Amino acid sequence: MCKTWMTRGIPVLAAAVMAAAPLAAQSPGTVELGAFGRYTAFDATLALKNRLGGGGRFGVFVVPNLEVEGTGSWTGTEVEGSGADVSYLPFHARLVYNLPVHERAAVLIGAGLVHTQYQNTADASDDGANGLLGLRFWLSDAVSGRVEGLLDYIPAPTNGAGNNVNWGAQAGLSVFLGGRAADADGDGVRDDRDACPGTSMGEAVDARGCPLDSDNDGVRDSGDRCPSTPAGEVVDSSGCPRDSDGDGVRDSADRCANTPAGVSVDASGCPTDADGDGVADARDRCPNTPAGAAVDANGCPRDSDGDGVADAQDRCPNTPAGATVDANGCPGDADGDGVPDGIDRCGDTAPGTEVDANGCPVLFEEDVVRIVLEGVTFATNSADLTAEARTVLDRVAASLRGNLEVRVEVGGHTDATGSREYNLQLSQSRAESVVAYLVQQGVASDRMEARGYGPDNPVADKATREGRAQNRRVELRRTDQ
C-alpha cells in the first residue's frame with residue numbers, strides 16, 4: 001500500500017501545486033518546523049497491525065538545499081491475534097537534499113539513522129538505518145507541504161528475526177523561520193523576480209535574472225565565441241554561424257552545402273575549379289585542361305578510344321584498343337595487311353596474304369577444322385621436306401604463333417604403292433618431320449601431335465597417277481574445338 005500511494009500520489013500532488021509560490025534554495029541557517037500524519041506498515045515478523053499515527057520534525061539547512069533534520073512520531077497499534085496494545089515510537093536523524101525539479105517543487109532524498117522504541121505491552125528498542133524519498137511543494141513564501149515514503153532497516157532486531165524492514169508514508173506541512181534566500185543564485189536579482197533562478201555563479205544577467213545574450217542568437221554571452229552574429233543567423237552551440245560541411249563558409253552564404261571534408265572552396269563555399277572544366281580541383285587529375293575541352297570524370301581531356309590522343313585532336317576516333325597510333329591518333333600498319341600495328345601479331349606478313357583478326361595468315365576458315373597443306377612435299381620415299389614445303393610451313397608457323405589457342409594434329413598420308421606397313425612408317429615419319437620444322441619456327445611442341453595414316457584414308461582414285469598424287473598429302477586438323 002505504501003509503495004502504491006507513493007507511485008500515484010506524488011505526481012498528483014506535484015500537479016496540484018503548480019500555482020504556488022516559486023521554489024528557491026534555502027539559505028544556511030534557515031529552520032524548518034513541521035508536523036505530519038504517518039501510516040506505518042510493520043515487518044511481518046513483528047506481528048503488529050499497520051496503523052496511522054503522527055509526529056513532528058525539526059530541521060536546519062547547513063548549505064543551500066541541504067538540511068539536517070530530526071523527526072519523532074507515535075503510532076498506537078496492537079499485536080495480531082492477542083490484541084495487546086503497543087506504542088510504536090520511531091526517532092529519525094537524517095540528511096535531506098532538496099532537489100529542484102520545477103519552479104514550485106523539489107524532490108526530497110534523505111538517509112540517516114533510526115532509533116525505535118516499543119512500549120506498553122512491549123518494552124524494547126532497536127537501532128538501524130533509514131531512507132527517505134518524497135516531494136516538497138511550496139504553498140507560500142514560508143510554508144510548504146511534504147509527502148514522503150520511508151524505509152527503516154533494522155539489521156539485528158530484538159525479536160530475533162534476521163532483520164526488520166518497516167515502511168512508512170508521511171504527509172504534512174512545514175514552516176520556515178529565517179526566510180527564504182532573497183537571491184539564491186547570487187546574480188543580483190531577487191528570487192521573486194528572477195526568471196532564471198539557477199544562473200551560474202558570476203554569470204552576467206539581464207533585469208530578469210537571465211544570462212545576457214547581446215546578439216540574440218540563443219547562446220549566452222559567457223559561452224558565445226561569436227558575440228556579434230547578425231540577426232537571424234542560425235548558429236551552433238558556440239554561438240557562431242553554422243557551417244555544416246566545415247568548409248569555412250557559413251551555411252547562409254554556402255551555395256554548395258555538402259562539400260566533402262578537406263576540399264578547397266571559393267567564397268560561395270563551392271569547390272574551386274581552376275581550369276573551369278567542371279571538375280573540382282580536388283578531383284582534377286589534369287588541372288590545366290585547355291578552355292572548352294571536353295573532359296572525363298577525372299578532369300582530363302576525353303579520349304573515347306583510349307589511344308592516348310584526346311578526342312579534340314584525334315583524327316581516327318575509333319582506333320581498336322591496343323593499336324599503336326601517331327600524333328593524330330591514327331594507327332600505323334607497317335605490313336599493310338589491314339591490322340593496326342600494336343595488335344598485329346604477325347607484323348611482317350607478305351603483301352596480299354589473307355590474314356585473320358590478329359594479322360596472321362589464315363589457316364582455318366570459319367567452321368573449318370581440317371585443311372590440306374598444299375605444297376608440303378617430300379623427296380621420294382623420304383621424310384625430307386622440299387624447299388617449297390618449308391616456304392608453306394613458314395606461313396603455317398606464323399599463323400600458329402599468332403593464334404596460341406589453336407592446337408592441331410599433323411596427319412601424314414601416302415598412296416598405296418608398296419606395303420601398308422612401309423607406308424604407315426613413312427607417313428608417321430613425314431608427320432613428325434613437319435612437327436619438328438614447326439617447332440624450329442617457334443611453335444610449342446605441346447600444341448601439336450604427329451600421326452601417320454599411311455594409305456588408309458585416300459581422297460582420290462588409287463588407280464590413276466593424278467589420284468595417287470592427291471593421296472600423298474599432309475593435313476592439319478584442329479583439336480582444340
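User: How many bridges join β10 to β12, and in which sense do the two strands run?

Analyst: Strands here are DSSP runs of E of at least two residues, helices are runs of H or I of at least four, both numbered from the N terminus, and two strands pair if DSSP finds at least two bridges between them. In this case six bridges join β10 to β12, and the two run antiparallel, with Gly 412 standing opposite Val 474 of β12. This is a predicted model, in which local features need pLDDT of at least 70 and side-chain atom pairs count only at pLDDT 80 or more, while totals for chains, interfaces and linings use all residues. Residues are numbered from 1 along each chain as its sequence is written, and side-chain values use heavy atoms, leaving out hydrogens and water.

User: Which strand pairs with β10 in the parallel sense?

Analyst: That strand is β11 (residues 448–454), paired over six bridges, and Arg 451 in β11 is the bridge partner of Gly 411.

User: Which residues does Val 434 contact, leaving aside its neighbours within four places in sequence?

Analyst: With contact taken as heavy atoms within 4.5 Å, Val 434 meets Val 376, Phe 378, Leu 385, Leu 393, Val 410 and Val 474.
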